[in-house]
Amino acid sequence: MIRNAFFALLLASSPAVALDFSIPGGVVTKAENSPAETVRLPTRPWSTNVVPDSVEGAIRKRVLRIGGGAQTTLQLLAPMRDALNEAGFTEIFSCESQSCGGFDFRFQLDLLGEPEMHVDLGDYRYLLVENTDDDAETASQISLVVSRDAQAGYVHITEVFATDLMPAEIPPSATPAPLEHQGELIETLERSGHAVLSDLEFDSGASELSDATYQSLPVLAAWLEENPSAQIAIVGHTDAVGGLEGNTTLSKRRAQSVLSILANTYGASPTQMQADGVGYLAPITSNLTEEGRALNRRVEVILLSN
């Protein structure tokens, strides 16, 4: 049933709207289009000696959440792979978490971020196909990343086109949360000694901030300038998915990127700041639910002295 529905919608494509990957029980929770972008689409397992392949074009990314969580990643991927084959796509490369390269392979992929796209580093699958018919009305290449947790399955779809795409329709549930009020951040920092920079957004697995406007950073930089004796630490945190070493490394890189923007973009003094990451060792709530894991993935500022 899933295969037939997926296949029927797959054929009803156009260059403007791309392929429709809707399947029964699935909901698109996030979408993003770019008229011209470079995206990494690996064609082999991760290796320290291999640079992942990349392609250029109009890029559409979508995240599909499939409720239930009972299906394995192979059960989720198989009908989609079969439908793509029937639609004329040819498989270039596929792998599962360990054969892909685990943590390192996952974090070289250009994916939309958590919590919409959740990737279990020990249980995911990757598929890359190409359109051998050279049909301009469909994507030239498509990659699927499939993972799951106890509540749901997650499918990340990346499509590459030669033509521009219409703007993505983002579901209301995927709209970012409102930014913190300016005074609220400083008040919390001075009262509690720490504050979560809740408006910061990182793409999944990325150590650099996504291209957005962040209200908290100029506010924090201005406060540092007004308080030249203040010392702060920027600390990255992750959820409990994956190993401690990989999560700690990622959290440190994210903290360092925030520090760099504070210094290079907003003029904060590097001598007043330090950056570190603790991975999943300091959760603020349970990691047993997706909502809890989303809250635990954060960057905090800690007041060391003033």
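Helix H8 (residues 290-296) holds both Arg293 and Glu290, which stand three residues apart, about one turn of the helix. In this predicted model, the two side chains form a salt bridge whose closest N and O atoms are 3.2 Å apart. Arg293 is buried, at 7% relative accessibility, and Glu290 is likewise buried, with a relative accessible area of 9%. The pair belongs to a network in which salt bridges with shared partners join Glu114, Asp149, Asp239, Glu290, Arg293 and Arg297.

The structure holds twelve salt bridges.

| Salt bridge | Closest N to O distance |
|---|---|
| Arg293 and Glu290 | 3.2 Å |
| Asp110 and Arg40 | 2.6 Å |

Asp110 and Arg40 form a salt bridge with closest N and O atoms 2.6 Å apart. This pair links distant parts of the chain, 70 residues apart: Arg40 belongs to strand S1 (residues 26-40), whereas Asp110 sits in the loop between helix H4 (102-106) and strand S4 (124-131). Asp110 is buried, with a relative accessible area of 18%, while Arg40 is partly exposed at 33% relative accessibility.

Because Arg148 lies in strand S5 (residues 141-148) and Asp123 in the loop between H4 and S4, the pair ties together parts that are 25 residues apart in sequence. Arg148 is partly exposed, with a relative accessible area of 21%, and Asp123 also counts as partly exposed, at 23% relative accessibility.

How values were computed. Residues numbered from 1 in each chain as written. Predicted model: local features only at pLDDT ≥ 70, side-chain atom pairs only at ≥ 80, totals over all residues. Heavy atoms only, no water. Salt bridge = Lys/Arg side-chain N within 4 Å of Asp/Glu carboxyl O. Helix = DSSP H or I, 4+ residues; strand = E, 2+ residues; numbered from the N terminus. Buried < 20%, exposed > 50% of the residue type's maximum accessible area, 1.4 Å probe, protein only.
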